[in-house]
Amino acid sequence: MTAPAASQAIGSAPSGKQQDPQLVRALRPDVVWLVDNDDAYSAIASAVATAEESISISQLAFDADFCVPSCDGTSTPFIDLLLSAARERGVQVRILLNATLLIDTLKPLQRFLDSRQLNCRGFELRGVSFFPHLLHAKTVIVDSKTAFLVGSPFVNGYWDSSRHAPLDERRPRGELGGRPLHDVSVQLFGTPVKKIDRVFNELWNSGEHEPAVARPMSEYAGTHATGRARIYTTAPGSVLRSRPLGSTEILRSIERTIAGARTLIYIEQQYLSSRRVFTALQAALTKEPELEVIIVSNQNPDITAYAKWQLANLREFGMLEHPRVGIFTLWSAAKTAKRMQVNQVFVHSKVLVVDNACAICGSANMDGVSLHSYGADFSGIGRRIFHNVRNFDINVTVTDDDSDDHALAASLQHALWSEHLGEGYKSAPRPAGGWLAAWREIARSNITALQADRVPHGGAFILPFIARSKPSQQLRELGVDAKSSTLELLFNPGWFERRFNLRWVRNMFL
């Protein structure tokens, strides 16, 4: 599902079908939102299938069996599409992956290619090792004409459609407990692609020892672009030759955007643990008495420490009880012949929308390691040990001006809200009681539906954030009996699983 076209009613129900790229480009030639990975992977596969000169990919992880949707409704191994482009059309394919002590995703893919003798001319794999930093930016650049900032790694367990079925055989249960997954990617055209291409080339050549050449901030801030879509990076020091001291551009863009908020801050985040972000939110709420903050995040992150950090910050900065802050989670449900299946939806998106006028999206979570310093999320000795440890990330910031006939930031918010709040929900104009009151009322109606053994609506639906560790406890606190004979809770991890996730260290020492 992409953002609705400008000619469609704002807040109309998502169709679940991808828009015609030519139509989208006619409306806005620089940015196309791709909500949920069925559409994101389809758009990437389409671009790769028509590549003529080059395909450049940077990824956190790339499994050899990762498949993308095909136009005939089946799925195709993505590695086969890339090899076909190199062999049959002479396309230069470059894939950049992590090759560090913490996570090595290069070696398993190279081993797969070697074992099947699939390597070919024009197809190159390269690893980056910036220990203890990680390559977290997920990009695909095709012919230096279009680029994707991808939300998820190329791993089958991250596939999902806007239906968010509680149980789907296409999602291996080994990843994220088999939970449905919500994510947002973005396709870019024009000038922003030039910067992403330039950054990729710097990363690709990062092992070549050349003198650092500092470029002016204006070039890296994208001020020469359309003024609507600007590319920002987070980078550790000594990674980009042009930025030898590193970069925290993404953090500064987030802080500026939050500081300028007047009526609404909408956040969707996999990890929300950055104290700098919480400080900015607190200051904005104090400054603007009418400002509302709506947050959609995870009660059960895949990395245990984040649950603790997030909850501690929500409490310390007064977000849990603030009357103008609402925190919600995503769930899905479906009826079977015997019972109603219920599951958490894992929020993997990294989205910030402010005042329906500015949207930020990309690979950077709102945590220390994606923004400025991993140590900032710790307390005590951990703060010193992990000081200035940061990943490499790329985000886009899109700003709509008053004369813009196709409000892109608003279209992203409308697409997300219509998916989470129900097909009949209209996201404009603002309700008399404010947005937060409307969200809370919808959450209450969803609780009532579950109590009555009814599915709230198709796809993902919202419930209030509950500061308990087990999904069954979270439902029980909302008045929903997770042990009911008519309800099957599909994700309810035990003590060990909630504290250790071995899938995240599966590539260590491989």
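1. The buried residues of α4 pack against α3 (78-89), β5 (92-98) and β6 (123-128). Here buried means under 20% relative accessible area, with exposed over 50% and partly exposed in between (1.4 Å probe, protein chains only), and contact means heavy atoms within 4.5 Å. Helices (H or I, at least four residues) and strands (E, at least two) are DSSP runs, numbered from the N terminus.

2. A word on the source: this is a predicted model, where local features need pLDDT of at least 70, side-chain atom pairs count only at pLDDT 80 or more, and totals for chains, interfaces and linings use all residues. Residues are numbered from 1 along each chain as its sequence is written, and side-chain values use heavy atoms, with hydrogens and water left out.

3. Back to α4, residues 106-115: its buried residues are Leu-106, Leu-109, Phe-112 and Leu-113. Looking down the axis of α4, these fall within an arc of 135 degrees, so they line one face of the helix; the arc is taken from the directions from the helix axis to the C-beta atoms. Just after α4, Gln-117 has a positive phi of about 50 degrees.

4. Have a look at Ser-242 too, in the loop between β11 (229-235) and β12 (247-248). Ser-242 counts as buried because its relative accessibility is 4%. Its side chain makes a polar contact with the side chain of Glu-202 at 2.8 Å (a pair of N or O atoms within 3.5 Å; within protein, one must be able to donate a hydrogen and the other to accept it, and residues adjacent in sequence count only if both atoms are side-chain atoms).

5. On cysteines, the structure holds zero disulfides (pairs of cysteine sulfur atoms within 2.5 Å). Cys-120 is buried at 17% relative accessibility, and Cys-361 is buried at 0%.
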